[in-house]
Amino acid sequence: MLVVLGLLTSFLSFLKFFAGGVCRTDVQLFGKVVVITGANTGIGKETARELARRGARVYIACRDVLKGESAASEIQADTKNSQVLVRKLDLSDTKSIRAFAEGFLAEEKQLHILINNAGVMLCPYSKTADGFETHLAVNHLGHFLLTHLLLGRLKESAPARVVNLSSVAHHLGKIRFHDLQGDKYYNLGFAYCHSKLANVLFTRELAKRLKGTGVTTYAVHPGIVRSKLVRHSFLLCLLWRLFSPFLKTTWEGAQTSLHCALAEGLEPLSGKYFSDCKKTWVSPRARNNKTAERLWNVSCELLGIQQE
């Protein structure tokens, strides 16, 4: 056991040493509008803070409005930017997603940056009100629907960007079209990995469909971060606390999201996957164009989206 802990400590020290990846751009965002899901805590909160500091009008879209208001007040005080707003969004409920989009579109005539940041991890098997497995619903389908509903506004506001938070865990994922909802077999670890692969494939297919519109999109691995994402696993919570010094802070974890949202000259890399503020390699499954297109079509069917 001591040997295993020693090896794990060495590995995490290695990861921390090479954490790197700081968003270096000095781009300002006065007059720009941003939506970030799950920005009431963790990486999303730090991302919102930096974008507000640069002058953007930032919408924190989250399920817990009280926590969102608390985060917004903190960010407003820290950045002296009063344009940090909170709106209700439950990504596990398509009615909530549609209500958020309807309200936002009525309120704002522009949208320059959409950051699909929210996510769940290692949830016990459960289904949403719409009948979708929770990881698939929150991590993929919810953001797929939200992006679809806001895409018109993004195109009207071009140049605009969509940033999708994925994970290095996508390397262990597989899109099991015969059992997308986990009815036949469910493993909470692999369910998370499958949903993170879906994020990368969604980004790939979205980029293809957005060519020539002025809207670009990027998938992001934030790193191994000290956050509440592991709250559903007692073991990981224990390990995260034990190895906390070797994990990225939420500020460090936000850097690649910020890079993909702000860095100049990224347009030719639309659809690519980033880690530590640079394009990096993806799993062979994440490069499969046929799987990406099929997942897009299946997602539209599940969500009742009529394709043009």
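Being a predicted model, local features need pLDDT of at least 70 and side-chain atom pairs count only at pLDDT 80 or more, while totals for chains, interfaces and linings use all residues. Residues are numbered from 1 along each chain as its sequence is written, and side-chain values use heavy atoms, with hydrogens and water left out.

View 1. Strand E4 covers residues 113–116 (strands, E, are DSSP runs of at least two residues and helices, H or I, of at least four, numbered from the N terminus). Both of its faces are covered: Ile113 and Ile115 on one side, Leu114 and Asn116 on the other, all of them buried (under 20% relative accessible area, with exposed over 50% and partly exposed in between; 1.4 Å probe, protein chains only). E4 pairs with strand E1 (residues 33–37) in the parallel sense over three bridges (pairing takes at least two DSSP bridges). Isoleucine 36 has isoleucine 115 in E4 as its bridge partner. Four bridges join E4 to strand E5 (residues 160–165), again in parallel, and leucine 114 has valine 162 in E5 as its bridge partner.

**View 2. Helix H5 against helix H6.** H5 (residues 134–156) and H6 (residues 188–209) pack at about 20°, with axes 7 Å apart (axes are lines fitted to C-alpha atoms over the stretch in contact; angles run from 0 to 180 degrees between N-to-C directions). That's why they count as roughly parallel (under 35 degrees; over 145 is roughly antiparallel, 65 to 115 roughly perpendicular, the rest oblique). Among the residues that meet are His140 and Phe144 in H5 and Tyr192 and Phe202 in H6. By class, this contact has nine nonpolar, seven polar and one charged residues.

**View 3. Phenylalanine 202 in helix H6.** Phenylalanine 202 sits in H6 and, at 4% relative accessibility, counts as buried. Leaving aside neighbours within four places in sequence, phenylalanine 202 is in contact with His140, His143, Phe144, Thr147, Asn164 and Trp296 (contact: heavy atoms within 4.5 Å). Its C-alpha is 9.5 Å from that of alanine 286, 84 residues apart along the chain.

**View 4. Helix H6 across helix H9.** H6 and H9 (residues 289–303) pack at about 90°, axes 9 Å apart, and are therefore roughly perpendicular. The contact includes Phe202 and Arg209 of H6 and Trp296 of H9.

Terms used:
Ala, Val, Leu, Ile, Met, Phe, Trp, Tyr, Cys and Pro count as nonpolar, Asp, Glu, Lys and Arg as charged, and the others, Gly among them, as polar.
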